[in-house]
Amino acid sequence: MPTVSMTVNGKAVTGEVEGRTLLVHFLRDKLHLTGTHVGCDTAQCGACTVHLGGKAIKSCNILALQAEGASITTIEGLAQNGTLHPMQEAFRDNHGLQCGFCTPGMVMAAVSLVKGKTNLSDEEIRHGLDGNICRCTGYHNIVKAVKAGAQAMGGK
Amino acid sequence: MHNFAFHRPTSVADAAKAIGAASDGKFVAGGQTLLPTLRQRLAQPSDMIDLSAIAELKGIKVEGDGITIGAGTTHSEVANSADVQKTIPALAHLASLIGDHQVRQRGTIGGSIANNDPAADYPAAALGLGATVKTNKREIKADDFFKGMFETALEEGEIIVSLHFPKPEKAGYEKFRQPASRFALVGVFVAKTKSGVRVAVTGAGPGVFRSKELEAALGGNFSADAAKGVKISANGLNGDLHGSPEYRASLVSTLAGRAAAGAK
Amino acid sequence: MPEGTGSATGIGASVKRKEDFRFLTGRGTYTDDINRPGQTYAYILRSPHASADIAKIDTAKAKAAPGVVTILTGADYDKGGLPCGWQIHSKDGSPMAEPPHFPLCKDKVRHVGDQVALVIAETYAQARDAAELIDVTYQETKPIISLADADKPGQPQVWPDAKNNTCFDWHIGDKAAVDAAFAKAAHVTKIDIVNQRLIPNAMEPRAAIGDFDRATGEFTLYTTSQNPHVIRLLMGAFVLQIPESKLRVVAPDVGGGFGSKIFHYAEEALVTWAAGKVERPIKWTSDRSEAFLTDAHGRDQINHAELAMDKDGKFLALRVATKANMGAYLSTFAPCVPTYLSATLLAGVYSTPAIYGEVKAIFTNTAVVDAYRGAGRPETTYLLERLVEKAARETGIDRVEIRRKNFIPKDAFPYQTPVALQYDSGDYFSTLDMALKNADWAGFEKRKAEAKGRGKLRGIGISTYLEACGIAPSAVVGSLGARAGLYETGQIRVHPTGSVTVFTGTHSHGQGHETTFAQLVSEGLGIPIENIEVSHGDTNKIPFGMGTYGSRSLAVGGSAIVKAMDKIITKSKRIAAHLMEASVADVEFKNGVFTVVGTDKSVPFGTVALTAYVPHNYPITELEPGLEETAFYDPLNFTFPGGCHICEVEIDPDTGTVEVVNFTAVDDIGRVINPMIAEGQIHGGVAQGIGQALLEAAAYDEESGQLLTGSYMDYCMPRADNIPNINVGNHVTLCTHNPLGAKGVGEVGAIGSPPAVINAVLDALLPLGVKDIAMPATPHKVWQAIQTAKKAAE
């Protein structure tokens, strides 16, 4: 069986995978990072969103072997030293989550979307999140959260 | 999906060798279309040859009469490229509309063109601008490249290296999204080029096509009204849950008009 | 229960959610995140045909595939079928047809996706690969798909015992009174409505892990359920014949339900049954394509309605005939949705004196249909608000005034409707006026003219509605055919050092109970909210409860907690009285402290708690030690939240695109515990309502029975750019019959919104001559309606 090596949440990892193993299953099943979720099988719902090289991608739509040597950040890697990331705080402050299932993917997408910007319009946020489906919140509070999160991140 | 052997060549030459050696190999670049296909078990390659580690396929260069984009360039890179935005803004705009934020970080122009999905956006730009597809074997003009649904002029194992888009006088792209998949139900790319007006339509038919009637109308008067007045035939256009052939026909003229009106 | 002391963590405070930390950091434990030692994986082979006889299943090659533990089919299945929890009787008194529903098909498959074989292997991939080697010989038969045609003579029959595919033919109300009123009517408005089939699509696909302890003979089922005790009862008693004392059901974190995770599904029974056979845990996780085929679908009714009015537009009578799709089998609560959850709402907010409703439930070769957010009340509300709107257009009476003049007056409560339900309280005038103001109804014409300048058609639509929830008084529903009670349980365990665990039989899968119930107890017992844990989901920990759906958790579950708190306080007062050497009658409890009236004697709750568990200074001969109380609360009536929704749309006539530019909701949900959470529920419900109105529809091919909308590629889920910001207002009339005065908020958003949206669309298209449109009003449909109207005008 082939092996793959990458950095996940700052840690170097290596694991055995099949050619067909998706990155999301490598993360969930081999690394036990179950925060990244599988919500669909057509790569549309975004619940599996992680960062590859700082960019949001759908981990269900990339083979683990295609991430060889890459730097991956999952939701588990967002908070640093027990302190929530400003985007995570913003989601909590603004009730941007209900059942929580879409939330890791939504937060990872949001962090990537607002990178380098502090003031996004509602429209920009709503369009930018079209790769993430939420069934619970109706998006109203997610937009509020992303706006607040962007401000709090201060353009970083 | 079924299992396969995975290869990650670092040069076009090695990629060509790998596909030649495979019994039923497939190239994967961004994988944004191929992986969902494999997960549905609609294809069963013996080998997957990953093109995403090949440096020769990357890069955007202003050169000649326009701009050359490496086949491995992502949609996000094209959308955000200052060079593309300056040279052919409609192309950057089109790239920003493909898929969604996450898909654009991985999906590539080469993958889109090689796949030739009847609802993909890039084929409309390539045909609309009269682009040239450069492979590891030859150069193919856009007018000769797109053969039909998921069919192109590429030979087995042939690899797209880059696409060259000549700079138009002005161009515009309007996309009407199928509400569920957000692919183009109809997408129209309109360009005023050196050799006249070109109008390329995606989503409406079995493959991307040029509309002679709209090219004639807009050639005379490059405006929304000129396009709106053209009645496109529904004959041969796609009909499905999301739109009848007549609806698509109507959208073709409406979108062509809007693309012309907003052309930059 | 105090009204809300204004505490930052009590009733009425928008307390940030306690459960968020784990969800935001990826520490949520959803069923697929759980792995049991020695776990195997299940994959279910499903029918590719809508209707077929199974001639032969050959599993020999598959059984020999790598990693396969076993393969089981209907021939191996020796237990009971999945039960239906509600029995409806027809007009002639006969009970509904109740065909068997085995978790693995025995001789026939009855819809695409029906379960044919259970493959268990060491890995999921191996199970799936092995399934491809199973050879099934089907003899296809013609399916019946169309709801409109299924009960006509000569159609394929899904079940031999259900003649003309009719499960039951039921009615409610007074036909004679209605007929008499119609005979005298000055005006009759008629309408035909399709309430289209929807697919709930909670973001977490269903999953189930069956486990068997061969030392104790105990079974454990982990499942994505809204009601673990109900699953334990149904599966234990009716399906697998496992005593409840040997069956534990755990619903951990669940990623949304919206009703679709209420029902007892085949996969739950299969993994539990098979775990007992292989004596290893078995995990099954649905993928999304599978979910599309096998999760219970929602809605799917065809209605014909007629409204009789006098010359001033006062409603005299209403009659409705409904066909409701059951799918191929009876799901757990399916029969009650179009009957007792739909037709009993036909009065709505109006004082219509005579009503008659008929409902035919029909089998088709499609996935089962059961409750989905609103469960019957969206169907009735849509019907009423489209009908009333049409009546206004036909008679020329203003759309707002025709509603206002028919509202049940403010002083008419309790109000007995002609369709069984008695409303306790409500003020439809205030929610209407507030909504009109918040939506700037008066300024609409100006906005319409401005939009016209941009080439857009702007329309505004209204819906005034109520619903019945807080499910439910047990004896009442029992008399109507329910086979379960619908009370709720709350158990408050005060620990010796003063922290509290609240056990609730409800289940939070997004509703925030871990926070709102803690707010109740924080206020009620005067203890810090950080010291309160809310426990739900594990039948080993919690007394029997009925779960979360039907907007019942606060009204019924919260009331049970209040009752349990009352018991805690009663006992605590006796302990405090003893400690303060006073008589119980003189002891008061406020803000967490017991005092003796007229003195400065006091003792805090924490001291009472410790004393209860270290009963040295204690009335031990009169009172048992400990401080833990359970209450089972059976509601006295349904609750009736409702209000007014106003939607404004802009339509691009060239493409047919409908954009929702404003949405205003003013709802009366009774007592509000956490305004932030209540608003979130409205946002989510409205988004689903907009989804039904403009985007979503499940479609089967009528010839083959294939599901045409089998993925997100074809079933349109609302994305962030489909939904606007939602303006939420609130007006309170308290529920008169539960201790909280709460009415419930979980479903109102999805109930009031669809007609507001469609009425707005039709308002926008009225100048073009479009008079009707079906949901979803997709761009294609709107464009077609415009073209048809154009042609008719020529």
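**Notebook: a sheet in chain B and the B–C interface**

I looked up an open sheet of 3 strands in chain B of this predicted model, with order β1-β3-β2 and parallel pairing. Strands are DSSP E runs of at least two residues, helices H or I runs of at least four, both numbered from the N terminus; two strands pair if DSSP finds at least two bridges between them. The edge strands are β1 (5–7) and β2 (25–28) of chain B, each pairing on one side only. The twist averages 20° from one strand to the next.

I then checked β2(B) against β3(B) (residues 47–50): parallel, over 4 bridges. Phe27(B) stands opposite Ile49(B).

Next I turned to the interface. Chain B brings 22 residues to the contact and chain C 23, where contact means heavy atoms within 4.5 Å. About 1,800 Å² is buried between chains B and C, 50% of it from carbon and sulfur atoms; buried area is the accessible area (1.4 Å probe) lost on putting two parts together, summed over both.

I counted 6 salt bridges between chain B and chain C (side-chain nitrogen of Lys or Arg within 4 Å of a carboxyl oxygen of Asp or Glu). Lys228(B) and Asp654(C) meet in a salt bridge at 2.9 Å, N to O. Helix α12 (residues 245–261) of chain B gives the most to the side of chain B that touches chain C, with 6 residues.

Residues are numbered from 1 along each chain as written, and chains are lettered from A and ligands numbered from 1 in written order. Local features need pLDDT of at least 70, side-chain atom pairs 80 or more, while totals for chains, interfaces and linings use all residues; side-chain values use heavy atoms, without hydrogens or water.

Methods
Axes are lines fitted to C-alpha atoms, for helices over the stretch in contact, and angles run from 0 to 180 degrees between N-to-C directions.
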